[in-house]
Amino acid sequence: MEPQTIDRCEVLSPQERRIQEDQLGRENAYLASRKRVSAILNSFQAMRPKIDIERALYFTRSMRETEGQPLILRWAKAMRRIAENITVYIDPHQLLAGRAGCPGRYGILYPELDGDFLGLAIEQLPKRVESPFNITDEDARLLIEEVAPYWKGKTFHEDLAVALPEETLRLTYHPENVLLSRYIVNETASFRSSLQWVHDFEKVVKRGFASIRDEARQRLEELDPFSPVNNMEKRPFLEAIIIDCEAIITWAHRHAELAAQMAAAESDPQRKAELEHIAEICRRVPEHPARNFQEAMQSQWFAQMWSRIEQKTGTVISNGRMDQYLYPFYKQDLDAGLIDEDQATEMLECMWVAMAQFIDLYISPNGSDFNEGYAHWEAVTIGGQTKDGRDATNDLTYLFLRSKQQFPLNYPDLCARIHARAPERYLWEVAETIKEGSGFPKLLNDEEIIPLHLAKGATFEEIYDYSGSGCAEVRMPNRDTYTSGCAYINFAAALEMALYNGRMKLYGDERIGLETGDPREFKTFDEFWNAYLTQQTNFLKHAFIQQHIIIRLRHRHFAFPLGSALHDLCMEHCLDLHTPQIPGGIDLGYFECIGYGTVIDSLSAIKRLVFEEKKLTMAQLIQAMEANFDGYEDVRHFLMNVPCYGNNTPYADEIGKAIDRAAVQFAHKYSRELGVHLDLRYVPFTSHVPFGRVVSATPNGRKAWSPLSDGSSASHGADNNGPTAILLSNFNTKNYDYRERAARLLNIKLSPKTVAGEEGTAKLVSFLRTFCDLKLWHIQFNIINRETLLAAQKDPEKYRGLIVRIAGYSAYFVDLSPELQDDLIRRTEHGTI
Amino acid sequence: MGTPNARVKGILFNIQQFSVHDGPGIRTIAFFKGCPLRCIWCSNPESQSATPELAYNPERCLTFDHCVRCLEICTPGAIHKNDDNRPRIDRRLCTQCLLCTDACPAKALWGYGETTSVAQVLEAVERDGVFYARSGGGLTLSGGEPMHQPAFAIALLEEARRHRINTAMETCGHCRTADLVSAAAHLNTLIYDLKIMDDSLHRQYTGVSNALILSNLKQVRQACPQLPVLVRTPIIPGINDNAEAIAAIVDFIAGMPRVRYEMLAYHRMGTPKYGYLGRTYEIAETALADGRMTQLKQMVHHRHPDLPLVQ
Ligand code: SF4
Ligand code: SF4
């Protein structure tokens, strides 16, 4: 085969062109024009992340001293300890003050989550294949000797493991070693303190924490001094809010002092002035309302960094609708001549480069499997509609898009809301940004999300104002109240159990699922379908049992004073955000279907070849799969050539719809009992890779232990009717008569040639409009030549800057494990537009 | 089902969804089997013969170590064992029964061409309907030569229009004038190939005279003056990739109303298909000189600044 080089591609995406220029030693024109952020970028790019243990250390020390007190109060006190002691930093060149750890790319630890893994993990971290980390010997010693022992026996994970009934445990962890996940009905609540979340940042910038603290003080004074509930529940809550508000103010003031000191020592007059300005700003925010754009940015930045320190939120805290809550400040400064577009862009970029240095570190092997490539998604939402249902785009919306077009970073994760009346200019610029080729922005569809949430109980005003959160979720920051991670369910494992009577090849004779009989004796496809459905339903049963336990256990382990301070309902009822039920809240949970395409194609193959055309017997099929198709290439090829999901063919799509339907009906029946919405979602992160590692060969011709299909995308190489077909297959398989559905994540890979030129943009825009018409939830694009990925795999050094879209986020291609790289390469590329 | 038109049948060799290069918007293309021309550069050799044809790609074959299904099923004995332990097809013995294509697990053997009704085509086309509405796309008839199956093509177009589907047709123009004019009545866009103006060269490279083609273009222009026509020329190295040849074409069309012009750069994408059909591609080794397309475009633009040129 000829060597793969980027030169052989007919049309390059702008990202590919930049990489090529870079390889030729030419300067990046955009970066050259942005001295400040380039300097910051160069200080950390391509650096292996370090672990900073200060947060873990101070948190643990404080928690050790406060045992017995109400949890939220302990948490706030720990935050106070951190605020007073943690090292504060202001980076050279930066305009924003504040980081959660040491300079460079860094991660921090949350031993309250994974203290039981810590010892083991710390030794392995520098060595692991997915997302390695560095740590100093002294820090490792402190962790192993001081931090980890305190948490032993106290973590949520340990509590959960002992609470799971035997049958549920068997599907969740290895019965002998609960540190190892089974990847069948996988719980995800123990590797983060909370699901993805968005704060009401508008409250932060407009009110400031002093005002929230004063509100809490006032409420404290009004408490009935004789009421036991007021004394035992409300008082500690309000005290915690006061302490936490003061803690973040203290932390900000320490930055003000540092900035002033640095200014005094600074010889460069320009930098000196900047530092003096930073000092002034940090004295003002987030304590008080922001008065201008830079203060608003700094206030928001402190709040999000504080949130990161306080809590490991799934996928890191999202940023909410930045183009909305920052716009008044931007407009006012612009009108007053205090700022221009360039300066505003520079402020934004200062935030992006600061964000990029924080790494969402997963200690447990399970967690890092789910989030490869140092994943984090601080989704910044733009566009969409106003609270009263008018188009919400403004000048700042376009500034975000432009900043994303040329800035060579995978942060933040830009999330563009689109709706039926989205202006043509907006969609055009969104399309132009997508064409850049680094996977931004992802799109969320108001036309699906809004009516669906109305049906789930939101008001118009609340849901019109939703923010993207995490990889494909949405949040209504003052109405949503659900933070428990939920099960990831391996639907392909259910299929395997239907084939092997409740067993899986990986686990030998151990019965894990239900005994649904020997399929070699089945006479009709319906018999096989029923066996499959029994296994699937059994998985759902145990997922819901897990959730029942998780909902009731989590709040004993985690508290979230910051999140509660910023939430109207928490403040009204004096309840921590992690409380199982908060009056007036909507609890939007979801469980995950992993391997959708794999299962549909497998069932399609069995139906067609074994029961209709009778080209194969079930015995032959099983024999071939047991041999992992070695010596059965012919069988494998028959299997691969049946109608598959993702091609807009009714044969496969009807099977998909039936699978989806059974799951949403289960949710419809049983989530009410749990008191929450627990809906069906198809968003895999990178987990389709580890979930595939436990599933032997499947009847769609997939080899044992290889990745499953991801999200609601087609199996690899199974979609050959172009991207319209994938969209339509998604549409065909949804059960619009039920409300028990959550996100579906949809990856589309296009070759740059497909969307080349103005005409290409126009067609991409109409493609996006149709996505909107079809009421699909989410879509994202990789616009890249296959040759580029192959070249990057061979020669990672030359492609360090190459950004690709994975699940709900973009990552550097070279940071991914070889397995996931292959997976990306295999995703069908549609070059036929 | 439906009108008499819906039951009309013809032979297609492919229905391709999501095309953006053949007519406005996102389109579905129906490829007709059969063509009166034999252009030596043809990139769709599977379209030329009017009947279904066996194709074979040995690279997909699992080899006789794993499978002998085709060997067993072929009664005329057209399949032999080759040195590479894969089938070799004796095209002289093959009756094009296509039984082997169904037996082959790997799709190493397949047929080009399937009989389809207008209703079936429209059913497939309308599955993508939601994309046409937004993009201004629709159905494009291509080939092969749609006018080689005039009754089928006209019924399909008429029925598509009844379903409010935007229609386009690509034609080589070598067909009965009356057929072309009645097809044009149901078209939103006509895509018309003009290859070479010199008649003897045209005969040499396509096998037919261009007289009918040129007169048909004039006729259809007169009959349907409102119909937008896109005239296209494939630029073939060594054959018509020179200013003179192209000038002759644009001079011919320059005065016509509602005509746009496009030049398509020669590509070798069709080469493997010749192999699948057991044929060889005569001009596989040639390539266009760098910058030739740009030069020709500039020339056209200078010569006829008012002629809309598709980039
Ligand atoms: S098409 Fe029929 S005759 Fe030709 S090779 Fe196949 S089976 Fe034999
Ligand atoms: S049936 Fe197909 S795979 Fe089998 S030997 Fe013939 S060509 Fe090869």
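Buried area is the accessible area that two parts lose on being put together, summed over both. In this predicted model, chain B and chain A bury about 2,400 Å² between them. Of that area, 59% is on carbon and sulfur atoms. B:Phe18, B:Phe131 and B:Arg134 supply 31% of the area that chain B buries against chain A, more than any other three residues.

The contact involves 28 residues from chain A and 26 residues from chain B. There are 3 salt bridges between the chains. In one of them, the side chains of A:Lys615 and B:Asp102 meet at 3.7 Å, N to O. On chain B, the elements that give two or more residues to the side touching chain A are β1 (9-19), α3 and α5 (129-135). That side of chain B divides into 12 nonpolar, 8 polar and 6 charged residues. Between the two chains, 7 residue pairs are in polar contact, with both residues at pLDDT 80 or more.

Now the backbone. Most residues other than glycine have a negative phi, and most peptide bonds are trans. The table lists some exceptions.

| Site | Feature | Angle |
|---|---|---|
| A:Val285 to A:Pro286 | cis peptide bond | omega about 10 degrees |
| B:Gly143 to B:Gly144 | cis peptide bond | omega near 10 degrees |
| A:Asn648 | positive phi | phi near 60 degrees |
| B:Leu98 | positive phi | phi near 65 degrees |

Where do these sites lie? A:Pro286 is in the loop between α13 (269-284) and α14 (293-310) of chain A. B:Gly144 sits in the loop between β8 (138-142) and α6 (150-162) of chain B. B:Leu98 is in the loop between β5 (87-89) and α3 (99-103) of chain B. A:Asn648 belongs to the loop between α29 (633-640) and α30 (650-674) of chain A.

Is A:Asn648 buried or exposed? A:Asn648 counts as buried because its relative accessibility is 4%, and buried means under 20%.

Technical notes: Residues are numbered from 1 along each chain as its sequence is written. Chains are lettered from A and ligands numbered from 1 in the order in which they are written. This is a predicted model: local features need pLDDT of at least 70, side-chain atom pairs count only at pLDDT 80 or more; totals for chains, interfaces and linings use all residues. Side-chain values use heavy atoms; hydrogens and water are left out. Helices (H or I, at least four residues) and strands (E, at least two) are DSSP runs, numbered from the N terminus. Buried means under 20% relative accessible area, exposed over 50%, partly exposed in between (1.4 Å probe, protein chains only). Contact means heavy atoms within 4.5 Å. Buried area is the accessible area (1.4 Å probe) that two parts lose on being put together, summed over both. A salt bridge is a side-chain nitrogen of Lys or Arg within 4 Å of a carboxyl oxygen of Asp or Glu. A polar contact is a pair of N or O atoms within 3.5 Å; within protein, one must be able to donate a hydrogen and the other to accept it, and residues adjacent in sequence count only if both atoms are side-chain atoms. Ala, Val, Leu, Ile, Met, Phe, Trp, Tyr, Cys and Pro count as nonpolar, Asp, Glu, Lys and Arg as charged, and the others, Gly among them, as polar.
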